Amino acid sequence: MILQELGSAIPGGRVLEITTTTGCIVGCSYCPQDKFAHRQRAVSHVKHLRLEDFKRCLARVPTSVDISFAGYSEPWLNPDCTEMVEHAYARGHGIRIFTTLVGIRGWIYTACKRCAQGYS
């Protein structure tokens, strides 16, 4: 697929998927996280995406691109996930979150609810 076709291949526009952490405690039987974590450890032993790195990378992403927090892991196993979501939302990105809510806390729920207002 060529880059020009990418926008039409994804319903609703372009999406950048963010994996906030390597490894997952949920252990869903269908998830390939163990394979991903094994390959990632060969490159780096860093477990969580740092907020500073996320902000630096996001600065190069057009706001027409939605940011998806998923990546075969639980986004909120990274303690900076809420700040990442809020930062992306404040910059004007659409937000997509796929989670079982493992790791989410009361104030995080409130922040996500605030970001989700207006979405159905």
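Here is a short walk through the model, from its confidence to a helix pair and a ring pair.

This is a predicted model, in which local features need pLDDT of at least 70 and side-chain atom pairs count only at pLDDT 80 or more, while totals for chains, interfaces and linings use all residues. Residues are numbered from 1 along each chain as its sequence is written, and side-chain values use heavy atoms, with hydrogens and water left out.

Let's start with pLDDT, the predictor's confidence in each residue, from 0 to 100. The protein averages 79, and 81% of the residues score at least 70. Confidence is lowest in helix H1 (residues 3-9), with a mean of 45, and highest in helix H3 (residues 51-58), at 97. Helices (H or I, at least four residues) and strands (E, at least two) are DSSP runs, numbered from the N terminus. Over residues 1-9 pLDDT stays under 50, and the model has four contacts (heavy atoms within 4.5 Å) for them beyond four places in sequence.

Now turn to H3 and its partner, helix H4 (residues 81-90): their axes (lines fitted to C-alpha atoms over the stretch in contact, with angles from 0 to 180 degrees between N-to-C directions) come within 10 Å and cross at roughly 20°. The two helices are therefore roughly parallel to each other, a term for angles under 35 degrees. On the H3 side, Leu51, Phe54, Lys55 and Leu58 meet Glu83, Met84, His87 and Ala88 of H4.

The ring centres of Phe54 and Phe69 are 6.0 Å apart and the planes stand at 45°, so the pair is tilted. Rings of Phe, Tyr and Trp (its six-membered ring) pair if their centres lie within 6.5 Å; planes under 30 degrees apart count as stacked, over 60 as edge-to-face and the rest as tilted. Because Phe54 lies in H3 and Phe69 in strand S2 (residues 66-69), the pair ties together parts that are 15 residues apart in sequence.

Methods:
Parallel < 35°, antiparallel > 145°, perpendicular 65-115°, else oblique.
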